[in-house]
Amino acid sequence: SPGGRAPAVASIRTSQVLREILTKNPGAKNFTVQESVDAIGENRVATSLVCFSLPGMLPVPGTSNLRGVPAGLIAGQMIAGKTEIKLPHFILRRSVPRRSLSVAIYAILPVLEMAEKAAKPRQLWASHPAVQRVLGVFILLLALIIALPFFGFNVAHAASIFIISLGLAEHDGLAILIGVLAGLASLILLTG
């Protein structure tokens, strides 16, 4: 941004936060959405979206009850300009087995860590709060489609949410744009 300094790269990377969901709760057999949000932090909207995009991207047994719905609700809060995650109790009580969550997190970590190495603060207008509200509308649309039983493009929709969210977490407007373009392409394929 002209005159302003670029925001520092996130001090705690998304990959580290996802790892800590498991390491901070060594005895948990199941993870509720509440425990996941608590481990991530209520003010880490983008990181939470990365986490809740995983059930749509990876066909891990035991995670289907989280496909699309938490991401959609978080997107709704982005649209409202909220910076803290507040989800309804019926969603917070949903849970996934530890094994399923571990498989999902460890499957995505190599990709996530590579993306984090490439990510850097740029095109900062894409992280502006007004732009984030528009992104919230787009993420909500993708999340609704994931939550509804349309088959074929859910992985692409979830991957778009994942890329946009990572871009938001890293203040990387280029990643956000790539995620939006990927999401538009998957929507065009769905409607075509």
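Which residues does Ile 105 touch, not counting residues up to four places away in sequence? Select Ile 105 and you'll find Leu 18, Arg 19, Ile 21, Leu 22 and Leu 54, where touching means heavy atoms within 4.5 Å.

Before moving on: this is a predicted model, with local features needing pLDDT of at least 70 and side-chain atom pairs counting only at pLDDT 80 or more, while totals for chains, interfaces and linings use all residues. Numbering starts from 1 along each chain as its sequence is written, and side-chain values use heavy atoms, leaving out hydrogens and water.

Next, pick helix α1 (residues 14-23) and helix α3 (residues 45-57), which pack at about 65° with axes 10 Å apart. Helices here are DSSP runs (H or I, at least four residues), numbered from the N terminus; axes are lines fitted to C-alpha atoms over the stretch in contact, and angles run from 0 to 180 degrees between N-to-C directions. Show side chains: Thr 14, Val 17, Leu 18 and Ile 21 of α1 meet Thr 47, Val 50 and Cys 51 of α3. That contact has 5 nonpolar residues, 2 polar and no charged.

Now go to helix α4 (residues 69-79). Its buried residues (under 20% relative accessible area) include Pro 70, Ile 74 and Met 78. The buried residues of α4 pack against α3, α5 (89-92), α7 (129-147) and α8 (154-170).

Definitions and conventions:
Helices (H or I, at least four residues) and strands (E, at least two) are DSSP runs, numbered from the N terminus. Ala, Val, Leu, Ile, Met, Phe, Trp, Tyr, Cys and Pro count as nonpolar, Asp, Glu, Lys and Arg as charged, and the others, Gly among them, as polar. Buried means under 20% relative accessible area, exposed over 50%, partly exposed in between (1.4 Å probe, protein chains only).
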